Amino acid sequence: MSNQVVSREEWLAARKALLAKERAMTHALDALRAERRQLPWVKIEKPYTFEGPGGRCTLLDLFGDRSQLAVYHFMLAPGSDHVCKGCSFIAEHIDAARQHFEHADLAFAAISRAPLARIEQVRQRLGWTFPWVSSHGTDFNFDFGVSFKKEDIAAGRAIYNYGTPIQNSEDMHGTSIFARNESGEVFHTYSTYHRGDELLMGAFNWLDLAPKGRNEADGVMNWVRLHDEYEPRPERSGG
């Protein structure tokens, strides 16, 4: 780090100039969020079912007694031992957040294509408690743009994030939002993918405040690990 060192008065002038830009961005984001909430909805006609710790459940069941549902499409593929470090980084934020947003009428569930036994293995290893169900053998992940068939990838038909052709990965990540009405009808209201999921990475917001930012000099999220794979940092000596 080699930032310029200035007087407190010079720093304050620079900080106020940046604050004006931050305020403009905040107001622009407020307008964007309001526009997002006004998107039209699509009624879910297909009877999706999942396998959870309590047995078979439907998309409607995942709402519980709430009228809104957030789904994180966690990359955990059938037959793979790999656990996506990016998805895990997001997952680390969920349990802390949902104890608040579930009191604001928003339920949550993670959904993966891996069988439930594999999901439970990962959940127990990493200590997560959020609802996490398996869509194994269903169309759910494919219909919501996060899983792709080999023949579609080969033919150039596998499209991610509303326009990006997938070259080889059969599973990607994303977030989808659903709403239900009093009659029990379920609607798809929003989905975001790729960098859109940065909205869920609270740790990045802290790092973005610091001089090194996300500290990605050696590649995007190069330092991120599953939380039980980080090496202990040595204590710094001195006073």
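The model is a predicted one, and every value below was computed from it. It holds 19 aromatic pairs, and its largest nonpolar core has 27 residues, while a search of the whole structure finds 0 disulfides.

- A pair of aromatic rings is described by the distance of the centres and the angle of the planes.
- Among the 19 aromatic pairs, the one formed by Phe74 and Trp132 is tilted, because the ring centres lie 4.7 Å apart with the planes at 45 degrees.
- This pair links distant parts of the chain, since Phe74 belongs to the loop between β4 (68-73) and α2 (85-91), whereas Trp132 belongs to strand β6 (residues 132-134), 58 residues apart.
- Phe74 and Trp132 are both buried.
- Trp132 also pairs with Phe130, and here the centres are 5.9 Å apart and the planes stand at 40 degrees, so this pair is tilted; both Phe130 and Trp132 are buried.
- One aromatic cluster is formed by Tyr72, Phe74, Phe108, Trp128, Phe130 and Trp132.

**Charged side chains over aromatic rings**

- Arg8 lies over the face of Trp11, at 5.1 Å from the centre of the ring.
- Lys149 is placed over the face of Phe142, with 5.7 Å to the ring centre.

**Nonpolar cores**

- In soluble globular proteins, nonpolar side chains tend to be buried together.
- Within the largest nonpolar core, of 27 residues, those with the most contacts inside it are Phe74, Leu76, Phe108, Val122, Trp128, Phe130 and Trp132.
- The elements that give two or more residues to this core are β4, α2, β5 and α4 (116-126), and the largest share, 4 residues, comes from α2.
- Phe130, which is listed among the residues with the most contacts inside the core, is in contact with Ala91, Ile94, Asp95, Arg98, Phe108, Ala110 and Arg123, leaving aside its neighbours within four places in sequence.
- A second, separate core has 17 residues, including Ile44, Leu62, Phe63 and Ala109.

**Strands and their partners**

- Strand β4 is largely enclosed by the rest of the structure, because 5 of its 6 residues are buried.
- β4 pairs with strand β5 (residues 106-112) in the parallel sense over 6 bridges, and in this pairing Gln68 stands opposite Leu106 in β5.
- β4 also pairs with strand β9 (residues 174-180), in the antiparallel sense and over 6 bridges, with Leu69 standing opposite Phe178 in β9.
- Strand β2 (residues 49-52) and strand β3 (residues 55-58) run antiparallel and are joined by 4 bridges, and a hairpin connects β2 to β3 through 2 residues.

**Cysteines**

- A disulfide is a covalent bond between the sulfur atoms of two cysteines.
- The search of the whole structure finds 0 disulfides, and for Cys57, which is in none, the nearest cysteine sulfur is that of Cys87, 20 Å away.
- Cys57 is buried, with a relative accessible area of 13%.
- Cys84 is likewise in no disulfide, and the nearest cysteine sulfur, again that of Cys87, is 3.6 Å away; a disulfide would need the two sulfur atoms within 2.5 Å.
- Cys84 counts as buried, at 11% relative accessibility.

**Asparagines to inspect**

- Asn141 is located in helix α5 (residues 140-143) and is buried, with a relative accessible area of 2%.
- Leaving aside neighbours within four places in sequence, Asn141 is in contact with Ile111, Ser112, Arg113, Ser135, Val146, Ser147 and Asp171.
- Asn161, in the loop between β7 (159-160) and β8 (164-165), has phi near 55 degrees, a positive value in a residue other than glycine, and counts as partly exposed at 28% relative accessibility.
- Asn215 is found in the segment after α7 (202-207), where its phi is near 55 degrees, a positive value in a residue other than glycine; at 42% relative accessibility, Asn215 counts as partly exposed.

Key
Residues numbered from 1 in each chain as written. Predicted model: local features only at pLDDT ≥ 70, side-chain atom pairs only at ≥ 80, totals over all residues. Heavy atoms only, no water. Phe/Tyr/Trp six-rings, centres within 6.5 Å; stacked < 30°, edge-to-face > 60°. Buried < 20%, exposed > 50% of the residue type's maximum accessible area, 1.4 Å probe, protein only. Lys NZ or Arg CZ within 6 Å of the ring centre and 35° of its normal. Pairing = 2+ DSSP bridges. Contact = heavy atoms within 4.5 Å. Core = buried A, V, L, I, M, F, W, Y, C linked by side-chain atoms within 4.5 Å.
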